[in-house]
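Here is a briefing on strand pairing, the chain interface and the nonpolar core. Look at the model first.

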Amino acid sequence: MTELSSLPENSPVPTLLAFLICESVIHDAETQKKTLVGLFDNFLSSAVPCLIAGLGLYAKLVEGSGQYIFKIRLVNLKDESQLLELSTPGNWPVAEAPLEFGVNIRGIPVQAFGSYEFQLYANDVYLGRAVFRVEKLQLPQLPFPPPGTER
Amino acid sequence: MASATKPMFTQPPPDVVPAPAGVKFVPFGLGEQKSDVYTLIYEPHSTHRPERILLGTLGDLGFRVIKPIVVNLEPRDTTVVASWLEIDEFGTGSSTSLAAEDLGRTVAELYRSLHNDQDKLGPDLRRVWVTLQEHILPRR
């Protein structure tokens, strides 16, 4: 945990406007626009453990400037055990403009059904969260018995 | 082992993107993809509920946190208690985040209440009011 005295004085606490989970964040190199593909807050799996092959995170922040270390933690809300953590430096050059942050994560291991939470920190300061659930995939009942099981 | 692509930070350009003259193709640089993959820490069975966090939001867009709030976290049975010891306020929830959000709502309410009565505060509440003003700025 970073002590308050070690926080950079010229990096104000940003405000998180949006923190979204999707299948993929596409970053257009020409226009700098982000496209969020497949926004979701429920992930269905027939069994656990399972792997979330692709997951994108998008955050939009305002009221910041300067240098930050952004940290993303994924925790299981059952006991707040940590599944993964990603830290990355980020530069916020224009204070008046918002900052967009996108990251694609591949191969997230999920051990159990339940609720999971991404937490976003800037310089170890908690800014907000995005929650998703991993639920069991229930196949629909067939209107007739499968072939070979009829009596 | 999970991995992630290199995070993208951008500030949206201030002007309208001009219509391209003709079709343009933007290469995705697949050859560089490997260097953009981060290796993540993966600790499947570790418990990492922190004992303290620095809170940077009240969960109320009427307020901006200008100085991070040191919040102590204490698990009690199935709930977590988040306390701001400096002003003796706390919030509860089933997780760290929910407890912190509950504390944020309490602090926002306290700010509004003290703001309305700031001329009649006793010494203790005056001290709380000063502390709140050091950490929180109301948005106009």
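In chain B, β5(B) and strand β7 (residues 69-76) run antiparallel, joined by four bridges. Strands are DSSP runs (E, at least two residues; helices are H or I, at least four), numbered from the N terminus. They pair if DSSP finds at least two bridges between them. The model is predicted: local features need pLDDT of at least 70, side-chain atom pairs count only at pLDDT 80 or more, and totals for chains, interfaces and linings use all residues. Residues are numbered from 1 along each chain as its sequence is written, with chains lettered from A and ligands numbered from 1 in the order in which they are written.

**Strand pairing**
- Leu55(B) stands opposite Ile69(B) in β7(B).
- β5(B) (residues 52-55) also pairs with β9(A), in the parallel sense, over two bridges.
- Across that pairing, Val125(A) stands opposite Leu54(B).

**Interface**
- Contact (C-beta atoms, placed from the backbone, within 7 Å) links 51 residues of chain A to 41 residues of chain B.
- On the chain A side, β7(A) gives the largest share, 11 residues.
- That side divides into 25 nonpolar, 15 polar and 11 charged residues.
- Nonpolar means Ala, Val, Leu, Ile, Met, Phe, Trp, Tyr, Cys and Pro; charged means Asp, Glu, Lys and Arg; the others, Gly among them, are polar.

**Core**
- The largest nonpolar core has 56 residues.
- Such a core joins buried Ala, Val, Leu, Ile, Met, Phe, Trp, Tyr and Cys residues through C-beta atoms within 7 Å.
- Buried means 20 or more other C-beta atoms within 10 Å of the residue's own.
- Those with the most contacts inside the core include Tyr126(A), Leu55(B) and Val71(B).
- Beyond four places in sequence, Val71(B) has contacts including Leu55(B), Trp84(B) and Ala100(B).

Note on methods:
A residue is buried if 20 or more other C-beta atoms lie within 10 Å of its own, exposed if 12 or fewer, and partly exposed in between; C-beta atoms are placed from the backbone. Two residues are in contact if their C-beta atoms, placed from the backbone, lie within 7 Å.
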